Amino acid sequence: MARSRTARIPFLTPNWLLAILVVLALITTVVGPGLARRLRGATRWALAPLGDAGTLVSTAARKRTSQIAAEKLTPRQVEDLRRQNEQMRRTVQVFARRFQRYRRAKASTRRLYGQIEPLEFEFDLVAARVVGTGSLPYGSTRMINQGKAAGVQVGARVTTRRLLTDRMKALRIPPKLAALAPQAMVGWVTEAWALGAELQLVTDDGFRIAAIVNRRVDQRTIKVIERGNASIQRLSRETYEDVPVIATGNGKDRMIVRDVSVDFNVRPDDLLLTRAESYFLPERFPLGIVEKVTPQPKTPGFVQLVVKPAADLDALRRVYVIVPTSPARQEP
Amino acid sequence: MHWVGVIILGYVLVLIQTSLGAVLTIDTRMLGPIRPDLVAHLAVFLALQSRSGVEAALAAWGLGLALDLTSSGGMSDSTVVGPMALGYVLATAAVFRIRDLFYKDRPLPQVFFAAVFCLIAHGTWITLQQLRVGGDEGMAGYGQLWLKVVALAIYSSALMPPAGWLYQRIAPVVLDTTPSRTHPSRKR
């Protein structure tokens, strides 16, 4: 049937059709990512509704396997966690009271100065679900089910909630422990269309963000270990500042920070945070935790940091897109 | 070839690859996550069983484009559309030409054909994307990407025998399985 139809148009033989399609593919390859974004936006809607169920299954499976691999906690660790939870609960109550006072103060201040300029970062959190992943394993991307219709725009930062109770269930920890819910940045929106968006994870090879390293060390002393020789150095005002860095994804499961001066004494367990200057997220927000500090052989005096993402990216399901509602500012 | 069947099956495979594909992911410390290319199995099957190489290449172009449209990231903030369509066409042409060298219905040759297909298709993809990105730092990661392609080819080809067995069962959905007419010159 198809053969007889094409036979009526002498030009459109299967050979010619293939040649035209190959040329089209070459053109789209050369034109660049702008056209690719438009094409993806025009076609991705077809996958989102049905991909949701499949992603739910795969996320649950990944979460399950990561829980099986986790080490079991000792009774003492459980007790420590319980104590820490209690302390945090009290801290949360204190901050909640302070926050109420702050809101009242802000409301009265805004009545006085509200006409001049916004006093703080204002944003909407758009809750979204991950409904798919990239079809090829070369990139770390996720497809979410909220797009331009919900206010999601390209460049918006995306966070998640990391609930420690998820992990504890598998470790048979007694119930009624408080859930810690720190938010961590998981990536940003690189493509957005009406009913969905593409999220690039912080571990993607193409991810690059201006960040700071916040050193979580004893404010009085710091232990620096160099090639087995331990020495104690006292921290000074100069060395305890946040360290501005550029963080990139390594294309696997970590982030990399290069060219950090050894003078900053960055060590494992220090925090990598977003910078407060960004329009899309003008707050210090957790990106990850420094896992390893290695010297850079080609540039003596500088080290490279391997950073573990703060969020569990393997089992990413619910995310929150930060949509600024303040007037636009220039990105640094 | 039954194009409606190919389109539906291709859609289902892309859907599985983008949602349930994470279940088949193997996390490696050196190369990162490795996932099989399930769509390649269908393209290899069509290249092995189709009567017309051009039709197999047309189907491969569509399947490759579907992968291009459902993946981004990895080399820059967004990869381009088209390289995988070209890669699939090239790989199909290669498999179609060498398919008569082996018994194509046996599992081991199918593993070989799937490995060749994935190496050509994904090798084309990373090469074209890398050429577009360029830069010394990008080229430094090119070798690493090839290692990932090899790992993906091994993983995908290992899954080819069960996929080939499945496609044999549903061959009438995607292929014209009516006996071919003998060429007039051979009629005696």
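Guide: Glu86(A) is partly exposed, at 31% relative accessibility, where partly exposed stands between buried (under 20% relative accessible area) and exposed (over 50%), computed with a 1.4 Å probe on protein chains only. Its side chain meets that of Arg89(A) in a salt bridge of 2.7 Å, N to O, the term meaning a side-chain nitrogen of Lys or Arg within 4 Å of a carboxyl oxygen of Asp or Glu. Helices here are DSSP runs (H or I, at least four residues), as strands are (E, at least two), and both are numbered from the N terminus.

This is a predicted model, in which local features need pLDDT of at least 70 and side-chain atom pairs count only at pLDDT 80 or more, while totals for chains, interfaces and linings use all residues. Residues are numbered from 1 along each chain as its sequence is written, chains are lettered from A and ligands numbered from 1 in the order in which they are written, and side-chain values use heavy atoms, with hydrogens and water left out.

Helix H5 of chain A, residues 75-113, also holds Arg82(A) and Glu79(A), which are three residues apart and thus separated by about one helical turn. Their side chains form a salt bridge of 3.7 Å, N to O; Arg82(A) is partly exposed at 34% relative accessibility, and Glu79(A) is partly exposed at 40%.

In chain B, Arg51(B) and Asp176(B) form a salt bridge whose closest N and O atoms are 3.9 Å apart. Because Arg51(B) lies in the loop between helix H2 (38-49) and helix H3 (53-69) of chain B, and Asp176(B) in the segment after helix H9 (171-174) of chain B, this pair ties together parts that are 125 residues apart in sequence. Arg51(B) is partly exposed at 47% relative accessibility, and Asp176(B) is partly exposed at 36%. Back in chain A, Asp253(A), Arg254(A) and Glu291(A) are linked in a network of salt bridges. Over all chains the structure holds seven salt bridges, but the count between chain B and chain A is zero.

Across that interface there are 15 residue pairs in polar contact, both residues being at pLDDT 80 or more; a polar contact is a pair of N or O atoms within 3.5 Å, and within protein one must be able to donate a hydrogen and the other to accept it, with residues adjacent in sequence counting only if both atoms are side-chain atoms. The contact, defined by heavy atoms within 4.5 Å, takes 54 residues from chain B and 51 residues from chain A. The area buried between the two chains is about 4400 Å², of which carbon and sulfur atoms give 61%; buried area is the accessible area (1.4 Å probe) that two parts lose on being put together, summed over both. Arg35(B), Trp61(B) and Leu69(B) supply 12% of the area that chain B buries against chain A, more than any other three residues.
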